[in-house]
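Me: I would like to go through this model with you, one piece at a time. Could we begin once it is on the screen?

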Amino acid sequence: MRTATEAGLVLCRSCGTLSDVAEGRCTVCGATLRRPDRRGLQAVWAYWLAGILAYIPGNILPIMLTQSVSGVSESTILGGVVTLLHHGSYGIAAVIFIASIGVPVSKFMVIAWLALSIQKGWSVNNHQRHRAHQAIEFIGRWSMIDVFVVAALAALIQVGGLMSIAPGIGVNAFAMSVVLTMFSAMSLDPRLIWDRPSQESRITDEH
Amino acid sequence: MTNRRATIQALNERYVACQSCDALWPRPQLEPGQRARCPRCHSVVLANKTRGVERTTALMLASLVVYIVAIAFPFMSMERAGLSNEISVIDAVTILWSNGMGVLAITTGLLILLFPLTRVVMILVLHAVVHRRLGKPAHHAFLLRIGQMIEPWAMADIFMIGVIVSLVKVGSLARIEVGPAFWAMSALIVFMAMGTSATCRDTVWDMLRQRL
């Protein structure tokens, strides 16, 4: 077995067309052709770091301000989960906790593990890394739930001085963090997971 | 130019490479309904979905119809102490905007209104014209490429979960009712998901490659 790259070809990640490596753009769909290249991991790390930097204020700062006759109360993501637990909405609390904390934190860890294992050439099961990559690409966007909760409440709950809900600054940082980590996961070229790094393994493969 | 295209066509008629692991394989001949997996990483290398073009066209057309209902009709209403407020999805975005919540208004507007519409229209137009010889293949390829690229960013499905969570959150504070647009939006996410799974990218890209 050999790869398209080894055969002097390049695969278009948009339409699946095989072209000669000399081509810069795909003749079929016009997308830029990129060979699997570990330098691409620089972009993964850049988005990853920016995503973490945005995730911190997203969790510390309030995401929602509730104004009622008794005054203004601020709530953070974790604070919202705690409130839901107090009201006995365990299922909804679990959804928010998983989407806003469980998914982003595990995504940061999985991306770092994938990128490091590729860079350092760790011997890890490729199928396992492949499944992990597919999983984070699939679930990453669901972290947006809490942003939409705030948007829906802020738009609907507007009854003058009686009660109104406004988004806190934290929700912008949180939304930014979700977008950046989605970019990070998308920049990770899955072909690098299966790349054979050393010359020795290439020789044994051909026998 | 012609020579270069002929080379690419010949190459792609004989070989297929795995999108996940780059392994190069002789191109399998698939019957409708069959798909081929990469022996190395087990990803689907090539699929030939049954009636992909027709089913996608129908489902994306249905999506467009319910999308129009979803933005034109009231989405939710709330009532508390005699004061009530009824909003559509477009109202939601404009209320956020006019109350100085610009970033959230733009984020929401793009992710739940513009991106889903763009995706539905692009995939619909492409599938409606691709098997007739209307328009240029390059334009079709552009539609499909953007339609594919936008897929993870069309977040109407996630928005609906967010709405359900917010209903639970304020259910004790105010009386909240859902309007026809809520059900239309629910139908939209079902039709869009079905349309996405009915789409056979390989078949369409093949058609476009052959028409180069």
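**Helix packing and the chain contact**

Reply: The buried residues of helix 2 of chain A pack against helix 1 (41–60), strand 3 (64–68), strand 4 (71–75), helix 3, helix 5 and helix 6 of chain A. Contact here requires C-beta atoms, placed from the backbone, within 7 Å; helices (H or I, at least four residues) and strands (E, at least two) are DSSP runs numbered from the N terminus.

Me: What should I know about the model and its numbering?

Reply: This is a predicted model, in which local features need pLDDT of at least 70 and side-chain atom pairs count only at pLDDT 80 or more, while totals for chains, interfaces and linings use all residues. Residues are numbered from 1 along each chain as its sequence is written, and chains are lettered from A and ligands numbered from 1 in the order in which they are written.

Me: Which residues of helix 2 of chain A are buried?

Reply: In this helix, residues 77–86, they are A:I77, A:G80, A:V81 and A:L84. A residue is buried if 20 or more other C-beta atoms lie within 10 Å of its own, exposed if 12 or fewer, and partly exposed in between. Seen down the axis, the buried residues of helix 2 of chain A fall within an arc of 100°, so they line one face of the helix; the arc is that of the directions from the helix axis to the C-beta atoms.

Me: What happens just after helix 2 of chain A?

Reply: There, A:G88 takes a positive phi of about 80°.

Me: On to helix 4 of chain A. What should its 14 residues span?

Reply: At 1.5 Å a residue, helix 4 of chain A (residues 126–139) should span 20 Å, and its end C-alpha atoms are 20 Å apart, which agrees. The expected span is 1.5 Å times one less than the number of residues.

Me: Which of its residues are buried?

Reply: A:R129, A:H130, A:H133 and A:I136 are buried in helix 4 of chain A. They cover an arc of only 135° around the axis, which puts them on the same side of that helix. The buried residues of helix 4 of chain A pack against helix 3 (90–120) and helix 6 (169–187) of chain A. The face turned away from the buried side carries the exposed residues A:Q128 and A:F138.

Me: What does A:H133 touch?

Reply: Leaving aside neighbours within four places in sequence, A:H133 is in contact with A:L114, A:L188, A:P190 and A:I193. A:H133 has 20 other C-beta atoms within 10 Å and so is buried. A:H133 and A:M186 are 53 residues apart in sequence and 9.5 Å apart in space, C-alpha to C-alpha.

Me: Changing topic: how many residues does each chain put into the contact of A with B?

Reply: The contact takes 52 residues from chain A and 52 residues from chain B. Helix 5 of chain A gives the most to the side of chain A that touches chain B, with 10 residues. By class, that side has 36 nonpolar, 12 polar and 4 charged residues. Ala, Val, Leu, Ile, Met, Phe, Trp, Tyr, Cys and Pro count as nonpolar, Asp, Glu, Lys and Arg as charged, and the others, Gly among them, as polar.

Me: Which residues does A:A151 touch?

Reply: A:A151, in helix 5 of chain A, touches B:A92, B:L96, B:L104 and B:T108, not counting residues up to four places away in sequence. A:A151 is buried, with 30 other C-beta atoms within 10 Å.

Note on methods: Two residues are in contact if their C-beta atoms, placed from the backbone, lie within 7 Å.
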